[in-house]
Amino acid sequence: MRRDALIVPFDGNDELVIATDNSGSIGKKALDDVQVPYDVVAYFAFRVAYMECASVGGNPFSVILQNFNGDKVWNVLVRGIERGIAELGIEALPITGSTESNFSMQQSATGITVLGKRFHHRESGDKPLGELSAAIIGYPLVGDEVMQKKEQIAPLHLFQWCCHQEAVAAVVPVGSKGSLYELRQLFIDQSLTFTSEIDLNKTSGPATCFVVIYLRTFQNTIASKAGALFHKVEIAGGG
């Protein structure tokens, strides 16, 4: 199935996982469409890249920062990345990268890449459809909603927890194409319909929600863990 991460043979049975995210016109420049501090920009870009890496079983070992916002904000961007690392409760990751300092852009631009290694991964196709259920964790938010509705954002540690559960078949961050797109990619060879109480077509901006596919017997556990952020997805049809 499709993922927004590049997987490359690395060393023996290990594989290198490369995941990235970009932010444009989001920051503190006068012409930016969304006005937020640069540590917030970096935190959410790191969040997306980490989630893409972890969703395919990658264990992060380094972060690359591409800064087009000037030398003065480098340390602020790094603080945002470190906030995400601390939220995950993992060891500090080395951070490297580059700043465009020869020319000044009128709007902000930031890119973050997470490098990881993976040893194994799970696919939703490994188990019969009849044994599986789906849910959206968190709410799809974009732009200013991300700052105004923080309580609706799925926490990084909850995403991390789902990735580590044996009863979970797949965990996928939702991006600009919406939850329905991600669900159809997970079940790409099957004619299914998906319905939920939340808008499955709405963009999720910086992955403020994610899709989780799990064994039906695990539903009470995952629903209890996610609380009000849990949104069941009904799956119908087949073929």
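Contact here means heavy atoms within 4.5 Å. This is a predicted model, where local features need pLDDT of at least 70, side-chain atom pairs count only at pLDDT 80 or more, and totals for chains, interfaces and linings use all residues. Residue numbers start from 1 along each chain as its sequence is written, and side-chain values use heavy atoms, with hydrogens and water left out.

View 1. Axes are lines fitted to C-alpha atoms (for helices, over the stretch in contact), and angles run from 0 to 180 degrees between N-to-C directions. For the labels, helices (H or I, at least four residues) and strands (E, at least two) are DSSP runs, numbered from the N terminus.

View 2. A compact globule of 239 residues would have a radius of gyration near 18 Å, and the protein agrees, at 18 Å. That radius is taken over C-alpha atoms, and the globule rule is 2.2 Å times the number of residues to the power 0.38.

**View 3. An open sheet of five strands runs β1-β2-β7-β5-β6, with mixed pairing**. Two strands pair if DSSP finds at least two bridges between them. The edges are β1 (6-11) and β6 (95-99); each has a single partner strand, so one side of each is left without a neighbour in the sheet. From one strand to the next, the twist averages 25°. Inside the sheet, β5 (residues 58-67) and β7 (residues 109-118) pair in the antiparallel sense over nine bridges.

View 4. Four bridges join β8 (residues 132-138) to β12 (residues 230-237), and the two run antiparallel. I136 has H231 of β12 as its bridge partner.

**View 5. Helices α4 and α6 cross at roughly 165°**. The axes of α4 (residues 156-163) and α6 (residues 219-226) come within 11 Å. That angle makes α4 roughly antiparallel to α6 (under 35 degrees counts as roughly parallel, over 145 as roughly antiparallel, 65 to 115 as roughly perpendicular and the rest as oblique). The crossing is right-handed, that is, the near helix is turned clockwise from the far one by less than a right angle. L158, W161 and C162 of α4 meet T221, I222, K225 and A226 of α6.

**View 6. Helices α2 and α4 pack at about 50°**. Their axes are 8 Å apart, with α2 covering residues 74-88. The two helices are therefore oblique to each other, and their crossing is right-handed. G84, E87 and L88 of α2 make the contact with L156, H157 and Q160 of α4.
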